Amino acid sequence: MPVSDPTAASAGKVEVYTDVRTRIDALLDGQTDWIAAMATVACELHHSFEHYDWTGFYRAVSDDELLVGPYQGPHGCLQIDVDRGVCGAAARTRETQLWPDVSEAPDHIACQSSTQSEIVVPVLTPDDDLLAVLDVDSDALGAFDTTDQTHLEALCRDLGMRFGDTGLR
């Protein structure tokens with residue numbers, strides 16, 4: 001059941017994250033293709049939360065560049081330099097970027113002018129190599145909080161462990 005209120009009670013969000021994570025784990029059981037996994041994760045997350053207006057991955061194709069990967073929502077930026085924007089900051093620092101108001105984010109790249117808040121989580125291998133960043137944008141201010149951060153970080157940590165040996169970036 002989608003959560004339509006971005007400020008929904010934490011318990012409600014936790015329940016939705018638990019349900020979506022169960023579906024993702026079942027869908028990815030035995031899956032070895034990284035691209036298929038990213039597409040599945042983006043789809044499941046995007047359709048579980050109504051305030052997820054753009055949900056997808058930017059793949060780390062070099063130390064300097066992220067390229068759009070599987071996503072749901074309107075067109076995203078095709079390429080992002082790691083020295084720019086919220087996605088670049090997550091790639092550089094290897095830390096989650098949580099922005100309740102993207103207008104306050106230094107050097108924010110407005111791939112969609114309607115985006116008001118954003119969370120970006122790095123997907124790291126056990127050797128700390130960057131595979132991708134998971135980027136979720138919302139047209140609502142304050143759409144993301146530490147509940148989102150906790151659950152998305154756990155998901156991305158597991159993806160990094162599971163697909164860390166992929167040759168695809």
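How much space lies in the largest pocket? The answer opens the points below.

1. The largest pocket holds about 180 Å³ of space. A pocket is an open set of points on a 1 Å grid over the protein atoms alone, with protein on both sides within 12 Å along at least five of seven lines; a cavity is a set of points where a 1.4 Å probe fits but cannot get out; lining residues have an atom within 4 Å of a point. Grid points are joined across faces, edges and corners, and a volume is the space filled by probe spheres set on the points.

2. This is a predicted model, in which local features need pLDDT of at least 70 and side-chain atom pairs count only at pLDDT 80 or more, while totals for chains, interfaces and linings use all residues. Residues are numbered from 1 along each chain as its sequence is written, and side-chain values use heavy atoms, with hydrogens and water left out.

3. The lining of the largest pocket consists of 11 residues, and Ala60, Ser62, Asp63, Arg94 and Leu130 are those that lie nearest its centre. By class, 5 of the lining residues are nonpolar, 1 is polar and 5 are charged. Here Ala, Val, Leu, Ile, Met, Phe, Trp, Tyr, Cys and Pro count as nonpolar, Asp, Glu, Lys and Arg as charged, and the others, Gly among them, as polar.

4. Arg94, one of the residues nearest the centre of the pocket, follows α3 and has a positive phi, near 60°. Helices (H or I, at least four residues) and strands (E, at least two) are DSSP runs, numbered from the N terminus. The side chain of Arg94 meets that of Asp128 in a salt bridge, at 3.6 Å from N to O. This pair links distant parts of the chain, 34 residues apart: Asp128 is in the loop between β5 and β6, and Arg94 is in the loop between α3 (85-93) and β4 (97-99). A salt bridge is a side-chain nitrogen of Lys or Arg within 4 Å of a carboxyl oxygen of Asp or Glu.

5. The structure holds 6 salt bridges. In one of them, Asp145 pairs with Lys13, and their closest N and O atoms are 3.2 Å apart. Asp145 lies in the loop between β6 and α4, whereas Lys13 lies in helix α1, 132 residues away. Lys13 also forms a salt bridge with Asp148, with the closest N and O atoms 2.6 Å apart. Because Lys13 lies in helix α1 and Asp148 in helix α4, the pair ties together parts that are 135 residues apart in sequence.

6. Are Lys13 and Asp148 buried or exposed? Both are buried; buried means under 20% relative accessible area, exposed over 50%, and partly exposed in between (1.4 Å probe, protein chains only). Lys13 has a relative accessibility of 0%, while Asp145 is partly exposed at 28%.

7. The largest nonpolar core has 28 residues, and among those with the most contacts inside it are Trp34, Val41, Leu45 and Leu152. Such a core is a set of buried Ala, Val, Leu, Ile, Met, Phe, Trp, Tyr and Cys residues joined through side-chain atoms within 4.5 Å. The elements that give two or more residues to this core are α1 (10-28), α2 (34-46), β5 (117-124), β6 (130-138) and α4 (146-163). The largest share, 6 residues, comes from α2. Apart from this core lies another, of 16 residues, including Cys77, Val86, Val120 and Leu130.

8. Helix α3 is mostly covered, with 7 of its 9 residues buried. What covers its buried residues includes β1, β2 (65-72), β3 (79-81), β4, β5 and β6. Gly85 lies in this helix and is buried, at 7% relative accessibility. Leaving aside residues up to four places away in sequence, Gly85 touches Asp107, His108 and Ile109, where contact means heavy atoms within 4.5 Å.

9. The structure holds 1 cavity of 30 Å³ or more. The largest cavity has a volume of about 120 Å³. Its lining has 16 residues, and those nearest its centre are Ile109, Cys111, Glu118, Asp135 and Asp137. The largest share of this lining, 3 residues, comes from α3. By class, the lining of the largest cavity has 8 nonpolar, 5 polar and 3 charged residues.
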